[in-house]
Amino acid sequence: MERLGKNLGKYLGETIDIRAVQGRVETAAREHGWTQEFFYNNDSFKLLALHRSARDEANKKRFYVSTGIHGDEPAGPLAALRLLQENRWPDNLEIWMCPCLNPIGFTLNTRENAKGLDLNRGYLNSVSEEIIAHIAWLEKQPAFDICTLLHEDWESNGFYLYEQNPDQRSSFAEKMIEAVEKVCPIDRSEIIEGRAAQGGIVRPNIDPRSRPDWPEAFYMITHKTRQSYTVEAPSDFPLPTRVDALVAAVNTVVNGL
């Protein structure tokens, strides 16, 4: 499978009707018994958080997944929707999901919010209302065993991921690459986004305190979890392929916990 060649200087691929997607997300969550909570409302959009309790409390694991923080990455909200509709969650999993953190960005087809802020650089000394509200919601939740953050990269030659695993727990990275490779090309470049990579996996050795512009992943690894994966679908490929890639990555984690 080859790149489409649509993305010239920015994302120029398929877009989605985020209001329609959000409506379908709410419907699927309601049908499958998820608790729904709106933690921010700016009169144009609400930010939704979903929660599913574990059925097997004795072996419970806590899993967090988020997406849609960049409005030019439409595969993420669609992947969240499919995961909700398919409803194939293991009984031992307690799940928190934020299915779209920047809905206004999707109406503009831009990475940023309506004020031109990249929300995924605002988790330290936050100034955006959306991220201030998101952090306030996160602070009320327990620690998570693992987090998966769904993204896309308009410049990438294939799927890749970032792993943060400072305690050297059993890794899901190679298993995710193996699963995704069945549905989507992998970026096997030795350098990805300026960092050393191997087989589509970037394991950055970064002290979050060294950066003033925290992404969600830095907040999560500092405050909410000790194992986090940021997964990047290649957005110069067809949208269904990218959705398949993100769904495969999430399913690999949840079925291994």
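Asn-125 lies in the loop between α3 and α4; helices (H or I, at least four residues) and strands (E, at least two) are DSSP runs, numbered from the N terminus. The model is predicted: local features need pLDDT of at least 70, side-chain atom pairs count only at pLDDT 80 or more, and totals for chains, interfaces and linings use all residues. Residues are numbered from 1 along each chain as its sequence is written, and side-chain values use heavy atoms, with hydrogens and water left out.

Asn-125 is not a glycine, yet its phi is positive, at about 55 degrees. Most residues other than glycine have a negative phi. Asn-125 is exposed, with a relative accessible area of 66%. Here buried means under 20% relative accessible area, exposed over 50%, and partly exposed in between (1.4 Å probe, protein chains only). Asn-109 also lies in the loop between α3 and α4. Its phi is positive too, near 55 degrees. Asn-109 is partly exposed, with a relative accessible area of 27%.

Helix α4 covers residues 129-139. Its buried residues are Glu-130, Ile-131, Ala-133, His-134, Ile-135, Trp-137 and Leu-138. They pack against β1 (35-41), β2, β3 (61-66), β4 and α6 (216-223). Contact means heavy atoms within 4.5 Å. The axes of α4 and α6 are 12 Å apart, and the packing angle is about 25 degrees. Axes are lines fitted to C-alpha atoms, for helices over the stretch in contact, and angles run from 0 to 180 degrees between N-to-C directions. The two helices, α4 and α6, are therefore roughly parallel. Angles under 35 degrees count as roughly parallel, over 145 as roughly antiparallel, 65 to 115 as roughly perpendicular and the rest as oblique. On the α4 side, the contact is made by His-134, Ile-135, Leu-138 and Glu-139; on the α6 side, by Glu-216, Tyr-219 and Met-220. By class, this contact of α4 with α6 has 4 nonpolar, 1 polar and 2 charged residues. Ala, Val, Leu, Ile, Met, Phe, Trp, Tyr, Cys and Pro count as nonpolar, Asp, Glu, Lys and Arg as charged, and the others, Gly among them, as polar.

Helix α2 (residues 75-86) has 12 residues. From its first C-alpha to its last it reaches 16 Å, close to the expected 16 Å. The expected span is 1.5 Å times one less than the number of residues. Most of α2 is covered, with 9 of its 12 residues buried. Among them are Gly-76, Pro-77 and Leu-81. The buried residues of α2 pack against several elements, including α1 (18-31), β5 (146-153) and α7 (239-254).

The axes of α2 and α7 come within 9 Å and cross at roughly 55 degrees. That makes α2 oblique to α7. Residues of α2 in this contact include Ala-75, Arg-82 and Glu-86, and those of α7 include Arg-242, Asp-244 and Val-250. The contact of α2 with α7 divides into 9 nonpolar, 2 polar and 4 charged residues.

Helix α5 (residues 173-180) also meets α7: the axes come within 9 Å and cross at roughly 140 degrees. That makes α5 oblique to α7. Lys-175, Met-176, Ala-179 and Val-180 of α5 contact Ala-245, Ala-248, Ala-249, Thr-252 and Val-253 of α7. The contact of α5 with α7 has 7 nonpolar, 1 polar and 1 charged residue.
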